[in-house]
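Here's a walk through one model, taken a few spots at a time. Keep the viewer open and follow along.

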Amino acid sequence: MFGDKQDIFKRSIVAILGVLVQAFGSALSLALNMGLDPYKAMNYGIAEQIGMTYGNLQLIVNILILGVVVFMKSDQLGWGTIFNMVLLGYAVDFFNNFFVNHFELANLSFIVRLAIMVVAVIIFSLGVAMYAEPDLGVSPYDAIAPIVVAKTGWDYSASRVGQDILVIIVTLFLGGPIGISTIILGFFTGPLVDWFADNVTGPAMESLNVETEGIN
């Protein structure tokens with residue numbers, strides 16, 4: 001029993017670190033004025049419209065989506081779901097405030113911001129791999145596409161892309177932070193996440209003597 005608790009503890013630490021690394025990459029992109037991934041951008045737009053902090057709004061929306069996901073009896077949930085829905089929004093707020101208060105990233109030239117954005121995407125992708133590798137469940141938003149697939153038999157990739165496109169359309173109406181990073185983070189981080197899973201997070205979990213199913 002102790003071994004099981006120790007295994008879950010190690011996996012939880014990696015998942016939490018993954019959430020924080022994701023938040024750092026997202027906040028860096030936001031501070032550069034290069035956008036956020038579709039879901040965060042939508043919530044950021046809603047938060048600005050109603051005068052609420054992003055962290056609080058993200059948590060509320062996550063709770064609402066979680067209620068639907070639980071009602072649909074998804075098997076995608078776990079401790080990692082809680083870590084993501086509670087920590088991510090507030091961590092993005094924290095890191096974004098840090099960047100805004102200490103650096104003037106949005107005033108840099110477009111080329112420099114683009115170069116830094118690439119770094120932000122890499123950091124974000126590493127965070128996603130770290131969060132997913134321990135296999136402790138997905139975020140409420142990420143659980144939607146698998147539910148759609150289970151209920152309809154539709155292709156997962158098409159369902160997820162359709163989900164993200166719908167969210168981007170909503171975000172455009174809300175005036176959320178849509179930018180180059182939104183497209184990249186929303187649709188093209190898969191290969192980077194897979195690379196980090198195969199070459200960084202997977203071997204790291206093995207070195208910690210923690211067995212997981214990986215993210216592939």
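Which residue forms a salt bridge with Asp-142? The partner is Arg-160, and the closest N and O atoms are 2.9 Å apart.

## Ground rules

Before going further: this is a predicted model, where local features need pLDDT of at least 70, side-chain atom pairs count only at pLDDT 80 or more, and totals for chains, interfaces and linings use all residues. Numbering starts from 1 along each chain as its sequence is written, and side-chain values use heavy atoms, with hydrogens and water left out.

## Salt bridges

A salt bridge here is a side-chain nitrogen of Lys or Arg within 4 Å of a carboxyl oxygen of Asp or Glu. The rule gives three of them. Back to Asp-142 and Arg-160, which pair up. They tie together distant parts of the chain, 18 residues apart: Asp-142 sits in the loop between α5 (110-132) and α6 (144-152), while Arg-160 is in helix α7 (residues 156-174). Helices are DSSP runs (H or I, at least four residues), numbered from the N terminus. Asp-142 is partly exposed, at a relative accessible area of 25%; that label covers what falls between buried (under 20% relative accessible area) and exposed (over 50%), using a 1.4 Å probe and protein chains only.

Arg-160 also bridges to Asp-164, at 3.3 Å from N to O. These two are four residues apart in helix α7, so about one helical turn separates them. Arg-160 and Asp-164 are both buried. Through shared partners, the salt bridges join Asp-142, Arg-160 and Asp-164 into one network. Elsewhere, Asp-37 bridges to Lys-40, with the closest N and O atoms 2.6 Å apart. Asp-37 is buried at 8% relative accessibility, and Lys-40 is buried too, at 4%.

## Around Thr-182

Is Thr-182 buried or exposed? Thr-182 is buried, with a relative accessible area of 0%. You'll find this residue in helix α8 (residues 180-187). Its side chain makes polar contacts, meaning pairs of N or O atoms within 3.5 Å; within protein, one must be able to donate a hydrogen and the other to accept it, and residues adjacent in sequence count only if both atoms are side-chain atoms. The Thr-182 side chain reaches the backbone oxygen of Leu-36 at 2.7 Å and the backbone oxygen of Pro-177 at 3.5 Å.

Leaving out residues up to four places away in sequence, Thr-182 touches Met-34, Gly-35, Leu-36, Asp-37, Pro-38, Ile-168 and Pro-177. Contact means heavy atoms within 4.5 Å. Asp-37 is on that list, and is also the salt-bridge partner of Lys-40.

## Nonpolar cores

A nonpolar core is a set of buried Ala, Val, Leu, Ile, Met, Phe, Trp, Tyr and Cys residues joined through side-chain atoms within 4.5 Å. The largest one has 24 residues, and those with the most contacts inside it are Ala-23, Leu-28, Leu-32, Val-92, Phe-95, Phe-99 and Leu-105. Two or more residues come from each of α1 (2-31), α2 (38-50), α4 (79-102) and α5, with α1 giving the largest share, seven residues. Beyond its neighbours within four places in sequence, Leu-32 is in contact with Leu-105, Ala-106, Arg-113, Ile-116 and Met-117. Another core lies apart, with eleven residues that include Met-42, Val-61, Ile-147 and Val-167.

## Aromatic pairs

How many aromatic pairs does a search of the whole structure find? Ten. Rings of Phe, Tyr and Trp (its six-membered ring) pair if their centres lie within 6.5 Å; planes under 30 degrees apart count as stacked, over 60 as edge-to-face and the rest as tilted. Phe-24 and Phe-95 have ring centres 5.3 Å apart and planes at 75°, so they are edge-to-face. Phe-24 in helix α1 and Phe-95 in helix α4 are 71 residues apart, so the pair links distant parts of the chain. Phe-24 is partly exposed at 29%, whereas Phe-95 is buried at 17%.

Trp-195 and Phe-196 are also edge-to-face, at 5.3 Å centre to centre and 80° between the planes. Finally, Phe-24, Phe-94, Phe-95, Phe-98, Phe-99 and Phe-103 form one aromatic cluster.
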